[in-house]
Amino acid sequence: MQQEIIEVGIVAMNLNDLKIVDEASYFVRLRRWDISLMCTRLTGITGKDVRGAKTLSDVVGTLTERFQPYEKPCIT
C-alpha cells in the first residue's frame, strides 16, 4: 500500500492575539486503497468515513474558497 492523504485540517488565527478565528477538518476520498486496520487503530478513521468524502483537489478548492490563503500568511 502507498500512503495517501486521508484528512486535511486547517486553523485560521488572529496573529495579534493568537486566538483561533476559524477551523475546519475534511476527510479525503482515497484513490487506490482502503483504510488499513493499523491506520484505523491509530487515527480512529475508517473506510466508511472517507468513502463519501471529496477528492483531494475538491477539498483544496473548498479550503481555498473558505480561508482565502492567498490574502494572508500561511504555514503548513
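Which element gives the most to the lining of the largest pocket? It is β1, with six residues.

## The model

This is a predicted model, in which local features need pLDDT of at least 70, side-chain atom pairs count only at pLDDT 80 or more, and totals for chains, interfaces and linings use all residues. Residues are numbered from 1 along each chain as its sequence is written, and side-chain values use heavy atoms, with hydrogens and water left out.

## The largest pocket

The volume of the largest pocket is about 510 Å³. Its lining has 17 residues, and Ile10, Val11, Pro73, Cys74 and Ile75 are the closest to the centre. A pocket is an open set of points on a 1 Å grid over the protein atoms alone, where a 1.4 Å probe fits, with protein on both sides within 12 Å along at least five of seven lines; lining residues have an atom within 4 Å of a point. The volume is the space filled by probe spheres set on the points, which are joined across faces, edges and corners.

At least two lining residues come from each of β1 (7-14) and α3 (56-67). Helices (H or I, at least four residues) and strands (E, at least two) are DSSP runs, numbered from the N terminus.

## The nonpolar core

Val8, Ala12, Ala24, Tyr26, Val28, Val59, Leu63 and Phe67 form the largest nonpolar core. Such a core is a set of buried (under 20% relative accessible area, 1.4 Å probe, protein chains only) Ala, Val, Leu, Ile, Met, Phe, Trp, Tyr and Cys residues joined through side-chain atoms within 4.5 Å. β1, β2 (19-27) and α3 each give two or more residues to this core, and α3 gives the most, with three.

Conventions. Buried < 20%, exposed > 50% of the residue type's maximum accessible area, 1.4 Å probe, protein only.
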